[in-house]
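Open the model in your viewer and keep the sequence panel beside it. This tour goes stop by stop: select, look, move on.

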Amino acid sequence: MTAPAPTSAETQPKSGPIGADDVIVVEDVVKIYDGRRVLDGLNFRVKRGEILVIMGGSGCGKSTLLRQLIGLQQPEQGRIWIDGSEITRLTEEAFINVRRRFGVLFQSGALFNSMTVGDNVALPIREHYPNQPDMTVDIMVKMKLSLVGMTQFAHLKPAEISGGMKKRAALARALALDPKLLFCDEPTAGLDPTRVTEFDELTLKLCRELGVTAVVVTHDMTSAFRIGTRMILLNKGKIWAVGTPDEIRAHPDPGVKRFINGDPESEVRQDADSYLQDILGESQ
Amino acid sequence: MPITLTRFFQHVTSWCWLFSNTLYWAFVSPFHGKKMRVNDLFRQMTLIGVRSLLIVFLVMFFMGLVLAMQSADTLEKVGGLSMVGGLVAAAVMREIGPMLTAIVLAGRCGAAITAELGTMRVAEELDALETMGLNPVHFLIVPRVLGMVIMAPCLTILGVFMAMYGGCLISVLFLDQDAFHYWQKSFEMLKLKDVYSGMIKSVAFGTLVSNIACYFGFIVEGGAEGVGKSTTQSVVTSIVMIIACDCVLTAFFYFI
Ligand SMILES: Nc1ncnc2c1ncn2[C@@H]1O[C@H](COP(=O)(O)OP(=O)(O)OP(=O)(O)O)[C@@H](O)[C@H]1O
Ligand SMILES: [Mg+2]
């Protein structure tokens with residue numbers, strides 16, 4: 001990865017200049033869907049080699065945040081820098097160079113259904129290195145597939161493999177170009193406990209040995225605390241809690257504690273009248 | 001009503017944007033070192049051209065039969081039964097051939113393209129392409145559009161022959177005409193302008209159908225239901241646009 005390009009004061013974030021270590025800088029990001037503020041003024045930085053875990057209830061905007069970070073959507077307000085380039089302002093052409101450096105694992109896997117698993121992994125390699133002989137591409141594909149234990153399924157179409165296998169194949173594809181920056185949306189959902197541990201170890205290895213920076217969205221608390229070097233807890237589009245795993249565990253807010261322990265949000269209701277009131281709302 | 005109108009103009013502007021993007025990736029970027037995806041193009045040409053051939057043949061053959069019978073009815077009264085061939089040829093070449101072929105393409109291939117791209121959109125496959133630094137327009141739309149633009153006139157020409165053959169069958173079997181005479185008369189009456197106006201039309205229709213199909217595939221949202229909705233919209237819009245465009249082009253060729 002290149003050192004951040006010198007930028008003029010005007011293009012620097014308000015919270016201070018981008019250091020050589022800052023891979024991602026997010027400033028005041030707001031995303032609005034149909035008048036609803038799904039992301040409401042987020043600010044954070046991700047340092048090189050870090051594994052940032054993003055957590056939060058279902059529908060709180062984790063995937064949406066990820067889509068802003070990888071430039072699939074433009075936030076209504078705010079700015080995002082990756083490796084010192086402000087992606088919220090880059091042209092399509094310039095963005096391609098940034099994108100080459102990152103791998104994305106989508107929540108649904110997003111494998112190409114018309115291609116086999118092997119071709120899915122080979123696609124980014126073939127497209128970005130068109131002069132590689134087929135042999136080399138084959139070996140690279142086998143290496144990536146063996147990382148996720150999918151070598152013997154390379155000839156199958158995505159429709160012929162299970163949900164967890166799709167996730168693993170998609171991870172192999174995300175790693176195809178040896179990215180320096182890895183974005184994962186619920187990588188462990190649908191995997192069995194052994195595979196979860198394997199994924200965690202793979203992520204840790206990538207980050208420790210190859211200096212990969214990872215942003216991982218997850219619901220899996222065990223996994224989150226195992227891999228995360230820093231955590232962000234989202235709630236209603238805002239950052240609820242942020243810190244190292246230890247800081248999150250010791251967070252004073254009882255809501256945060258409840259979330260990470262997986263306790264139900266409210267006590268079981270005794271009162272039948274208030275229950276009816278609740279579900280029938282104003283129509284009553 | 002104003003909401004529908006704004007929506008309509010939104011569709012038109014984003015369609016134009018996609019269309020200009022397609023033109024750029026098809027004709028400008030190959031000169032900037034972005035190679036055309038030739039394999040994909042040939043695959044699409046097979047899917048669109050070869051697989052539609054039978055339907056186009058069938059439809060145009062029946063059209064030839066119908067046209068011959070309809071015109072015979074009138075021409076018999078003025079003693080011009082030998083003109084049936086020429087009339088069928090001209091009508092099919094100038095008008096019915098390009099239009100019917102395009103409608104078949106809209107129903108058969110346009111719908112398939114919208115459904116395919118729409119499913120890819122819903123499954124985040126298009127997003128995945130983009131994050132890999134691969135432009136979906138270059139990767140998916142250009143081969144489909146070029147494939148249809150190339151195959152539409154080819155199918156039209158073959159279909160025209162099929163219709164003329166249908167007309168010949170009627171003339172020989174029921175109107176006591178000589179087959180050789182039929183073909184001779186047909187080619188005699190066919191003018192060069194008929195041929196090129198027909199070809200221009202079918203290229204225009206192919207462009208319209210493929211671009212509309214890709215556009216409606218790209219804008220799908222809301223899961224499987226959205227794919228179905230968009231596919232219907234794509235076919236309906238294509239057919240309306242084919243006929244509207246036909247009207248404009250016919251007027252153009254009529255007045256020059
Ligand atoms: N295309 C869209 N149009 C309108 N609203 C959307 C759209 N996509 C997401 N939303 C809304 O944004 C909110 C956040 O969605 P998002 O997918 O980011 O949730 P999430 O945190 O990833 O949830 P999960 O853990 O279930 O994946 C949801 O309330 C959703 O209704
Ligand atoms: Mg999500």
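**Stop 1: a salt bridge in chain A**

Select A:Arg230 and A:Glu50: they form a salt bridge, with the closest N and O atoms 2.8 Å apart. A salt bridge here is a side-chain nitrogen of Lys or Arg within 4 Å of a carboxyl oxygen of Asp or Glu. The pair joins distant parts of the chain, 180 residues apart. A:Arg230 sits in strand β9 (residues 230-235) of chain A, and A:Glu50 in the loop between β2 and β3 (51-56) of chain A. Both A:Arg230 and A:Glu50 are buried. Buried means under 20% relative accessible area, exposed means over 50%, and partly exposed is in between (1.4 Å probe, protein chains only). Helices (H or I, at least four residues) and strands (E, at least two) are DSSP runs, numbered from the N terminus.

Before moving on, note what you are looking at. This is a predicted model, where local features need pLDDT of at least 70 and side-chain atom pairs count only at pLDDT 80 or more, while totals for chains, interfaces and linings use all residues. Residues are numbered from 1 along each chain as its sequence is written, chains are lettered from A and ligands numbered from 1 in the order in which they are written, and side-chain values use heavy atoms, with hydrogens and water left out.

**Stop 2**

Now select A:Lys47 and A:Asp22. Their salt bridge has its closest N and O atoms 2.8 Å apart. A:Lys47 lies in strand β2 of chain A, and A:Asp22 in strand β1 (residues 22-33) of chain A. The two residues are 25 apart, so this pair too is described as linking distant parts of the chain. Is A:Asp22 buried or exposed? A:Asp22 counts as buried because its relative accessibility is 4%. A:Lys47 counts as partly exposed, at 37% relative accessibility.

Next, select A:Glu27, A:Arg79, A:Glu86 and A:Arg89 together. Salt bridges link these residues in a network. Side chains of opposite charge can pair when their charged atoms come close. Over all chains, a search of the whole structure finds 26 salt bridges.

**Stop 2: ligand 1**

- A:Ser63: a polar side-chain atom is 2.6 Å from an oxygen atom of ligand 1.
- A:Thr64: a polar side-chain atom is 2.5 Å from an oxygen atom of ligand 1.
- A:Glu186: a side-chain N or O atom is 3.2 Å from an oxygen atom of ligand 1.

On its own, ligand 1 has 640 Å² of accessible area, and the protein covers 66% of that. Accessible areas come from the Shrake-Rupley method with a 1.4 Å probe; for residues, only the protein chains shown count as cover.

Color the shell by element.

**Stop 3: chain B and its helix α7**

Switch to chain B. It has eight helices and zero strands. Its C-alpha trace spans about 70 × 45 × 35 Å along the principal axes. Of its 256 residues, 49% count as buried.

Select B:Asp194 and B:Arg94. Their side chains meet in a salt bridge (3.3 Å, N to O). B:Asp194 is in helix α7 of chain B, and B:Arg94 is in helix α3 (residues 84-122) of chain B, 100 residues apart. B:Asp194 counts as buried at 4% relative accessibility, while B:Arg94 is partly exposed at 40%.

Stay on α7 and select B:Phe218. B:Phe218 is buried, with a relative accessible area of 13%. B:Leu192, also in helix α7 of chain B, counts as exposed at 68%.

Methods. A polar contact is a pair of N or O atoms within 3.5 Å; within protein, one must be able to donate a hydrogen and the other to accept it, and residues adjacent in sequence count only if both atoms are side-chain atoms.
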